[in-house]
Structures are given as structure tokens and as C-alpha cells.
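Please read this briefing alongside the structure shown below.

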Amino acid sequence: IKKARRLRTSMSESEAVLWKALRGKQIGFIVRRQVPVGPYVLDFLVHEARLCIEVDGEQHEFRRELDAARDEFLEALGIETLRIPSIELFGSLPAWVDTIIQKCAERSGRSPFP
């Protein structure tokens, strides 16, 4: 929990950009940031849709095995991981937000804006 709190105050620029688009109920679902789940801290979690959203910076190129193990752990809990390359958030944020909304609707079984 301490690590999650620390990460909330030191988000990367790309995480901050995405958080600005997701916070509140802007997308019709409640999104939480820096959520501890087991031994991991998830960048973003839509609990209702059981969707984890990870913003992957350049360092993830060298962490593929660790990321795969993390994804398997979450999948065993019924949580799907959507990985977004951080650089893409600056050029195509609206498209990624649409993708997130669609995934949440599919996984939750409800429309985001009734």
C-alpha cells in the first residue's frame, strides 16, 4: 500500500495523461489508479470490468518475462491486462480511451452510458 501511495504522487507523464482522460466517471466506469493486487501494483484498474490497464514505457522492452508472469497472475484472478505503449498515448489518446471503453463494456456486460 505504501508503494501504491508513492506511485500515485509520482506518475509518469504518459500515466498522468491517461489518468486525466479516465478519472471521475468520464468513461462511464470507475477507474482506480496504482492499485495493489497481490505482489503487484497495477497502473489502472476498472474493478467492475476486471480490466487492468498498464502503460508500458521503454523499460518494459527488457521485462517481457516479468510482465508475462504478472499477466498470468492477474488472469488467474479473472483480470485481463490491456498494455498500452506510453509513446502512443501522446498521439492517439482518444483511440485508446475508446478501446478502454469498449473493453470495459464487453467485460462488464453493460453500456458505459445508459
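In this predicted model, E1 and E2 are antiparallel partners joined over five bridges.

- E1 and E2 belong to an open sheet of four strands, ordered E1-E2-E3-E4, with mixed pairing.
- The edges are strand E1 (32-37) and strand E4 (80-85); each has a single partner strand, so one side of each has no neighbour in the sheet.
- On average, neighbouring strands of the sheet are turned by 45 degrees against each other, with direction ignored.

**Helices on the sheet**
- H2 packs on the sheet and touches E1, E2, strand E3 (51-56) and E4.
- The direction of H2 makes about 145 degrees with that of E3.
- Helix H3 (residues 64-76) lies across E1, E2, E3 and E4, and runs at about 55 degrees to E2.

**Aromatic rings**
- The structure holds two aromatic pairs.
- In one of them, the rings of Trp 19 and Phe 44 have centres 6.0 Å apart and planes at 20 degrees; planes under 30 degrees apart count as stacked, so this pair is stacked.
- The pair links distant parts of the chain, 25 residues apart: Trp 19 sits in helix H2 (residues 13-22) and Phe 44 in strand E2 (residues 40-46).

Technical notes:
Residues numbered from 1 in each chain as written. Predicted model: local features only at pLDDT ≥ 70, side-chain atom pairs only at ≥ 80, totals over all residues. Heavy atoms only, no water. Phe/Tyr/Trp six-rings, centres within 6.5 Å; stacked < 30°, edge-to-face > 60°. Helix = DSSP H or I, 4+ residues; strand = E, 2+ residues; numbered from the N terminus. Pairing = 2+ DSSP bridges. Axes fitted to C-alpha atoms, helices over the stretch in contact; angles between N-to-C directions. Contact = heavy atoms within 4.5 Å.
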